[in-house]
Each structure stands twice: as C-alpha cells, then as structure tokens.
Amino acid sequence: GELKRAEGEDAGRSYAVNLGTLRIKTESGKDNYRLKLVGTPLFTINRRVLAVKAHDVQIEYGETYLDKLRWEIVEGSLATRFNDTLEIELGLNKPYAGYGLYDIVEKSRVLTNESNYTYTFMPGKLDVKRIKLIIIVNEDTLYKTYGEANEEITFTTNLGYVPYTGNLYREPGENVRKYQVFDDRLDFGINYDVEYKTVYFTILPRKISVRADNKTKMYGETD
C-alpha cells in the first residue's frame, strides 16, 4: 500500500497525510501489525512561478504598433496537467502621441487557476522614432526680375503635404544677385526629422530696350 493525503490541488495550502492503504504483511499474509502515523505530517502545494515579458517594439512615426505587440513566458510554465491557459491584452501606459518612449503594459489577463501561481509581468518598451522629412523647394519660386514684387517661396516634401507653421524666407535685399534661403522658421512638430538642402533665390537683371531716334543735320552743324 501507500500513504495518502487529503484531496485538493490548491496552491498555498497544506494537506494532511494519512496511512492510506499502507499495511505490513507477514509471510503468512496475516495483518499482525497496527501502524500508527507519528506526528501530523503535511503535504504542501507551492504556487507555480510564472513570469511574462512584453517584447520591445521600435517603429517610425506613421507606422502602426498594434499588430506588433507580443509577449512570452520567460520563467516557469503553465500547468498543462490541468489545461491551464493564459490570455493577455497589451497596451500602452499613456495615450499614443507619436515620437517618444512608451511602456507596453498589461491591460487585462485571463489566467486559469491564477490563485495557484506567483505571477509576474514585465513591461516592454515602444520606441517611436522620428520619420525623415525632406523639404523640396519649388524652383519656379526661386527667382524674380529686379523691380518685381516678392512672392512666397513654396515647397513640397517627400511625404506629400504635412501640416506646418512658419515659412521659408531669404536674405533681405533687392539688388541683382543670389540670396540664401533659410528654413529655420518652419516647424513640422516633434514627429519629423527635417532635412533641408540650402538653396538660393536669384534676382535677375531687368531688361531695358533703348531705341535711338533718327536725326538729321546740315553739314558743318554740331550734333
């Protein structure tokens, strides 16, 4: 025979041990002994360790992160004997606002028989990088003829239209020559890594046509 314990599978509890079916038989098969269990032995079920970590994620601004959220068990395991399962919904520790660092946290979980586990969750990191934005100045706004009014220097970007404040501007002056164009008044916000290649605005000479009148004089007269 064998010793037995009280029924139960809950962790954190101790179960009394008893003689169960344990017997001592003689060669004759007779039960000549009366067994006595000494003390009060206990059988203890400890909680199962289970540690989960969210994966770190890196994206560029404009990409979605939701389909990249993952987690894995990094310590311990589920009690497959009892078909225990774990479901976790991941999210961010603060509202998503583009560029910056966020913690990937546990929004909710369903762990079968959770009271039987010592459960730990380790957050991950979402690292949102700035996306490159290249300013492309419209060449047809980079020149004028001397004496003409100044027009706005316009541009596009490699990303198409992106909301911004400010404007491109050039060095002051109205004489015929080249003037550097600056971008430091433009602001696209924190989500963009702005790239600008210096260009120049040109004032072209104004064309003037001169026509001399036909004149006559008598020989010997002054012009």
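User: Where does Asn-83 lie?
Analyst: In this predicted model, Asn-83 lies in the loop between β6 and β7, the latter spanning residues 86-92.

User: Is Asn-83 buried or exposed there?
Analyst: Asn-83 is exposed, as its relative accessible area is 62%. The cut-off for exposed is over 50%, so Asn-83 falls in that class.

User: And what is the phi of Asn-83?
Analyst: Its phi is near 60°, a positive value in a residue other than glycine. Most residues other than glycine have a negative phi.

User: What about Asn-113: where does that residue lie, and what is its phi?
Analyst: Asn-113 lies in the loop between β8 (100-111) and β9. The phi of Asn-113 is near 55°, again a positive value in a residue other than glycine. With a relative accessibility of 37%, Asn-113 counts as partly exposed.

User: Let us turn to the sheets. In what order do β6, β4 and β9 stand?
Analyst: The three strands form an open sheet in the order β6-β4-β9, with mixed pairing. The edge strands are β6 (71-76) and β9 (117-122), each of which pairs on one side only. The twist from one strand to the next averages 25°.

User: How many bridges hold β4 and β6 together, and in which sense do they pair?
Analyst: Strand β4, residues 48-54, pairs with β6 over five bridges in the antiparallel sense. Within that pairing, Lys-53 has Glu-72 of β6 as its bridge partner.

User: How many bridges join β11 to β13?
Analyst: Three bridges join strand β11 (residues 131-137) to β13, and the two run antiparallel. Ile-135 stands opposite Thr-157 of β13.

User: Changing topic: which residues of β15 are on its covered face?
Analyst: In β15 (residues 178-182), the covered face holds Tyr-179 and Val-181. The uncovered face carries Lys-178, Gln-180 and Phe-182.

User: Which strands does β15 run antiparallel to?
Analyst: Strand β14 (residues 169-170) is joined to β15 by two bridges, in an antiparallel arrangement. β15 is also joined to strand β17 (residues 199-204) by four bridges, likewise antiparallel. Arg-170 stands opposite Val-181 of β15, and Lys-178 stands opposite Thr-202 of β17.

User: What does the side chain of Lys-144 reach?
Analyst: The side chain of Lys-144 reaches the backbone oxygen of Glu-148 at 2.8 Å.

User: One more strand: which faces does β5 have?
Analyst: In β5 (residues 57-60), Val-57 and Ile-59 make up the covered face, while Gln-58 and Glu-60 make up the uncovered one. β5 pairs with strand β10 (residues 124-129) in the parallel sense over four bridges. On the uncovered face, Glu-60 stands opposite Lys-129 of β10.

User: Now the whole protein. How many helices and strands are there?
Analyst: The protein has zero helices and 17 strands.

User: What is its radius of gyration?
Analyst: The radius of gyration is 42 Å, whereas a compact globule of 223 residues would have one near 17 Å. Along the principal axes, the C-alpha atoms fill a box of roughly 170 × 25 × 20 Å.

User: And what share of the residues is buried?
Analyst: Buried residues make up 26% of the 223 residues. The protein exposes about 16,300 Å², and carbon and sulfur atoms supply 49% of that area.

User: Finally, what share of contacts joins residues at least 24 apart?
Analyst: Among contacts between residues at least 6 apart in sequence, 55% join residues at least 24 apart.

Terms used
Residues are numbered from 1 along each chain as its sequence is written. This is a predicted model: local features need pLDDT of at least 70, side-chain atom pairs count only at pLDDT 80 or more; totals for chains, interfaces and linings use all residues. Side-chain values use heavy atoms; hydrogens and water are left out. Buried means under 20% relative accessible area, exposed over 50%, partly exposed in between (1.4 Å probe, protein chains only). Two strands pair if DSSP finds at least two bridges between them. Axes are lines fitted to C-alpha atoms, for helices over the stretch in contact, and angles run from 0 to 180 degrees between N-to-C directions. The radius of gyration is taken over C-alpha atoms; the globule rule is 2.2 Å times the number of residues to the power 0.38. Contact means heavy atoms within 4.5 Å. Accessible areas come from the Shrake-Rupley method with a 1.4 Å probe; for residues, only the protein chains shown count as cover. A polar contact is a pair of N or O atoms within 3.5 Å; within protein, one must be able to donate a hydrogen and the other to accept it, and residues adjacent in sequence count only if both atoms are side-chain atoms.
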